[in-house]
Amino acid sequence: MTVYAADCAAEWRLTMKKRITVWLFAAVVAVTVIGCGRNAGVNSEANKFVKSMKIGWNLGNTFDAHSEQNKSDEMAYESEWCGIVTTREMIDAVKAAGFQTIRIPVSWHNHVSSDDSYTISETWLNRVQEAVDYGIANEMHVILNIHHDNGTGYVYPASEYMEQSKAYVKAVWSQIAERFADYDEHLILEGLNEPRLVGTSNEWWLDLGRQECVDAVGCINELNQIFVDTVRASGGNNQKRYLLVPGYAASLQGATNEYFELPEDVKGNKNRILVEVHGYTPYSFALQAPGENGSTDQWNIGDAASTADIDNMMNTLFEKYVQNGIGVVIDEFGARDKNGNIQARTDFAAYYVSAAAKKGITCCWWDNNSFSGGGENFGIFHRASCEFLYPELVEGMMKACE
């Protein structure tokens, strides 16, 4: 039985490698290659920088864990959702697998003082810096952000709450920027994560026919500008550091609608502000819960229903930003496990990364260290054992971004 199982596993891996080669060739044919002469902007320093980020991985459900009430031990948040404390060994393994970028989402509101200064706990900031240093020591690009601080008491993109939101963004980013001012350009700061009207019917869908949605976009523009101004004013390498900013909910529509505007940068900086987008698409396959109407666990490169949304996303971002010299990072994407559909997820991941790479866009897989149960199982790297459970999926992404 042992020999038979090993033989089957080896045959399955060989089959998967053949499949990856076949559809990668098809993806190259299907996706328009960036033209050097026709779109000179694609050769901008910003786009070259994004290309150097290669492929990324999210340390999800870790420093971004939060609760309604502060815990007595604030350091318990790190393992509250993911079940394990991050180690240097883990990040070494992620780098060894070929990932050149790590995104470290951080929620801060359970770690700031209750007064208007929003003073960040020194203990928490030290630990976040330690995790950042794991990536920097591996010569990786590291993305650091404000993550689940979405709420009326912290950051909420509505005119009614703007004074509160502006004060929070400025206070928190002043402290983060000061702490990391001497880090080189391997460190990328991301202003906000999925800013949106939490708790409303338009939380995840922007209806520009509604004034509150138009107002939300305007508020996000203003908060992005405060983020940029605050970081630039902190001095050191922050004056020229690449910064990531999102549109509404970090969605494709949020970053490409007529009301969204990129922040102005300081004089002398050209295209040092990058656009952040999240893209779990096609939704029915990548994100929608199994059992819901319309959800599917199948993805096929030969089916337009599988590839159309991905191609449209990459084409739209290329035409709006990349060809104009502005870098784009899809710093969250992935497909949750549905009934063990690893073959479909492998095909999807490599096609997605290939489609993005052909348009000059870098992607970061969302990994929440979740592999079982009825939740959003986006895990690919098993942190306790420091191994990737689906090596073919990782290999496909690596080949796709070469």
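How are helix 11 and helix 12 oriented to each other: roughly parallel or roughly perpendicular? Keep that in mind as we walk through this predicted model.

**Stop 1: the helix pair.** Select residues 342-358 for helix 11 and residues 391-400 for helix 12. Their axes lie 8 Å apart, and the packing angle is about 15°. Angles under 35 degrees count as roughly parallel, and helix 11 and helix 12 are therefore roughly parallel to each other.

**Stop 2: where the two helices meet.** Now show side chains. From helix 11, pick Ile342, Arg345, Thr346, Ala349, Ala350, Val353, Ser354, Ala357 and Lys358. Their partners in helix 12 are Glu392, Leu393, Gly396, Met397 and Ala400. Colour this contact by class and you get eight nonpolar, three polar and three charged residues.

**Stop 3: the largest pocket.** Next, move to the largest pocket, which holds about 940 Å³ of space. To centre your view there, select Glu194, Trp204, His278, Tyr280 and Leu287, the closest to the pocket's centre among the 29 residues that line it.

**Stop 4: around the lining.** Which elements give two or more residues to the lining of the largest pocket? Highlight helix 8 (252-256) and helix 10 (304-320) to see them. Helix 10 supplies the largest share of this lining, with three residues.

How values were computed: Residues are numbered from 1 along each chain as its sequence is written. This is a predicted model: local features need pLDDT of at least 70, side-chain atom pairs count only at pLDDT 80 or more; totals for chains, interfaces and linings use all residues. Side-chain values use heavy atoms; hydrogens and water are left out. On a 1 Å grid over the protein atoms alone, a cavity is a set of points where a 1.4 Å probe fits but cannot get out, and a pocket is an open set with protein on both sides within 12 Å along at least five of seven lines; lining residues have an atom within 4 Å of a point. Grid points are joined across faces, edges and corners, and a volume is the space filled by probe spheres set on the points. Helices (H or I, at least four residues) and strands (E, at least two) are DSSP runs, numbered from the N terminus. Axes are lines fitted to C-alpha atoms, for helices over the stretch in contact, and angles run from 0 to 180 degrees between N-to-C directions. Angles under 35 degrees count as roughly parallel, over 145 as roughly antiparallel, 65 to 115 as roughly perpendicular and the rest as oblique. Contact means heavy atoms within 4.5 Å. Ala, Val, Leu, Ile, Met, Phe, Trp, Tyr, Cys and Pro count as nonpolar, Asp, Glu, Lys and Arg as charged, and the others, Gly among them, as polar.
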